[in-house]
Amino acid sequence: MRQPVLVLARAAMLGAFASVALVGAVVAPAGAADPPHVQGPWTVTVTFEGGDSSFDFVDDEWHFSFGAGCAVGAACTVDGGTGADESTSTALQPGGQGFRFTNHLDLDCFDTVTGELRTVHGADYDMVATLVPSKVEAVDGVSYVTAMSGRLVEDIVVNPKGLADNCSGTNGATKEHRTSKLAATPNQLPAPPAGTSSGPAGVGPASTDTSGTIPGFTLPLDDEAVRSAAAVDAGRRSSVPGAVTVPSESVRTITDRLPQDLLLVAVLGLLMVFPAQIFNSTYEENHERIARFAGRFRRRRRSEEGAAPAAVPGRFRRVAVFVVSAGLGTVLGGLLDPGFGANRATAALLIGVFVALLVAVAIATLSGWTFRTARHRPHSWYLRAIPSGLVVAVACVLVSRLTDFAPGYLYGILGGAVFAGILEKRTEGRAETVTLIAGLLVALGAWIAFEPVAHAANAAHPNLGVLVADSLLGCLFIGGIEGMLFSLIPLRFLPGHRVRQWGWVPWVLLTALTLYVFVHVLLMPSAGYLGRSTSASTNVTIALFGAFGVLSMVFWAWFRFRPEKTGIPGPSAGPSDHEVVPVAVPGSMVAS
Amino acid sequence: MTARGWPRLLAGAALGVVLVSGCGEDPGLDTAAVESYLAGSQAAAYGADAHVGRAHCPGRPALREGMILRCTLAVSDASVPYRLTLHKVHSTKVTVHVALDAVVLRSADVQDFVRKQLPKAFAEAAVACGADYLVTDVGKTVECTVSSGAQARPVSVKVEDAEGRISIT
């Protein structure tokens, strides 16, 4: 009977090795004083040292991966095994100055002749391995193990059950023992192979490139102007009153801006005087020739100088034409606001412009009537509309909008009161002066009253009444100052000519004051137009006055270099000073 | 008007016009508004882990249509250059086009790419490429260091295109 012998069998392993999900426990970076770390893949070489060599359960070379790192002296599970079983991870325990790990296998006994299983778990295999750092290197304050050495001890013992079945090793022994030397080194870190990323490895233009808008750049704004700009931007308030600088801010900046304000006043003043002088003198010297020239195009010219004016149309028709003209002028005034549309701000602006027109006509009429009554002059009057003035109003709106001039040119002679009876030259000059002063006072008064109303209009939810008052006062000021400015041009057909004929001093005073207010408050406000540029509107204003000068010179040159061929001698005596002509007054109206 | 008076008048008027032609005021470039827009527009462009800080547009260039501003934006520990083009500068709403003026790589993405190129056994190797965000350009290289334990190896990563594709050559 043959004896059963012990054979190498790894069929039944008991739990010295447990599968562990985590391999290479991550540890926090350690300082130099901390225990060294074993990191990355390692190769452990097993070299037989002594004892029985009849069994060989473990591989000669083990591959452990310590992953992100294991601290020496701490439990750690690493990838890889010894080959003694099919385990793919190894649990390391603290041992001595390094790691210790063990394994146990239940061995079965097989018949060496038939190969038949004779004894289940007839012997036990145990191994104990130790690995201790033999070389440590510090990198950036962290100690890393760069080499380890150790020992592997393996034992096989036939247990009583095996002994009962006569199990033994191939050499007949019931106990076997062997030792091996372990040498561990980290695997060489390879150079990464060439390759290209499949996608972007960063922040590309697709996510960063963008377009958008920011609020327009503004000149430095005072607190009220900031509120005005916000209210206009939000559509709560019209830009026409919104762009008017309040008196307190204008007064505050008087000294800062005095030199350039005065320079501009002086230049505009000169551009008002000299071209008008040229025009007037040319007109007077060539009056008869001009009259004949104009007569060719006039189907129904006015009767001879000094004759009674044409028949006055019926009252209803006069009022109707005036109201329609004023209505159209109101819409044009409303178009000064880029935000014109079906909204509360536009509604308030239209009401404000219309009422301002009526107030201006009333002031001009009242002042003219009062003067004539006080001087015992004829003071009966009738309403007269000048629809052709709408053309001027359209031009003003276009210029304002094209140059972003805010609040804009609120101007255009639409009509007004016509007084019966002709005044002598000096009296007429006084009457015009009174009317212009009245208009200036109303405009400045409206501006002073404008400040608290503008403050209220800039509130979050202003009522319509406040918005209307805001527009009305703003328009009275804008229309008043701009109407005064154009009326004061000493052109033959404008009030400025009659005031200047009465006296240079009142004309200069009125013109200088009006020009200064126009320049300082409307043309070049310290905060711009709601903070926007004032360059374009300033240059356009200068260009308009310059164009007036050029046209005057062209007018003069025409008659100077094209003498009449009819043989009529010399210049005429000029027109009568009592000629009845329409007169512009503040508020874009007409009185005569 | 005399023959001698005309030239004087014309010269005086012309001089006056020249003197006052520059009287109007134009708002200047508000760099603070532009910087604020830049920082705001890029808040979502970077990851939630990024800290998008302040933008800076140096100098005080004159405001003009189509002007280009070169600004930087602090993103975590990097200063990212941008090219901003301004249109409708005199309008109530200024249009700003923001364009990245460099290739910006996310360091973590570069490190992941390098790590994935390594053999599996070194999957846990440490890769360091510097700051969280790397500002570079197409054709340039970013120097990284791969380390495992005490071993370290430099790796050059080349920027292939403006989108941020990279390669190891």
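In this predicted model, A:Val434 is in contact with A:Ser367 and A:Phe371, once its neighbours within four places in sequence are left aside. A:Val434 belongs to helix H11 of chain A, which covers residues 425–457. A residue is buried if 20 or more other C-beta atoms lie within 10 Å of its own, and exposed if 12 or fewer do; A:Val434 has 18 such neighbours and therefore counts as partly exposed. Its C-alpha lies 9.7 Å from that of A:Val499, a residue 65 places away in sequence.

A:Val499 is also one of the residues through which helix H13 of chain A meets helix H14 of chain A. H13(A) spans residues 495–502 and H14(A) spans residues 504–523; the two pack at an angle of about 135 degrees, with their axes 5 Å apart. Angles over 145 degrees count as roughly antiparallel and 65 to 115 as roughly perpendicular, so H13(A) is oblique to H14(A). From H13(A), A:Gly496, A:Val499, A:Arg500 and A:Trp502 take part, and they meet A:Trp504, A:Pro506, A:Trp507 and A:Leu510 of H14(A). By type, these residues are 6 nonpolar, 1 polar and 1 charged.

Between the chains, 63 residues of chain A are in contact with 67 residues of chain B. Elements of chain A that give two or more residues to this side include strand S10 (117–139), strand S15 (210–215), helix H6 (254–285) and helix H15 (535–561). The side of chain A that touches chain B has 29 nonpolar, 31 polar and 3 charged residues. S15(A) runs antiparallel to strand S4 of chain B (residues 93–100), joined to that strand by 6 bridges. In S4(B), B:Lys93 stands opposite A:Pro215.

Key. Residues numbered from 1 in each chain as written. Chains lettered and ligands numbered in written order. Predicted model: local features only at pLDDT ≥ 70, side-chain atom pairs only at ≥ 80, totals over all residues. Contact = placed C-beta atoms within 7 Å. Helix = DSSP H or I, 4+ residues; strand = E, 2+ residues; numbered from the N terminus. Nonpolar A, V, L, I, M, F, W, Y, C, P; charged D, E, K, R; others polar. Pairing = 2+ DSSP bridges. Axes fitted to C-alpha atoms, helices over the stretch in contact; angles between N-to-C directions. Parallel < 35°, antiparallel > 145°, perpendicular 65-115°, else oblique.
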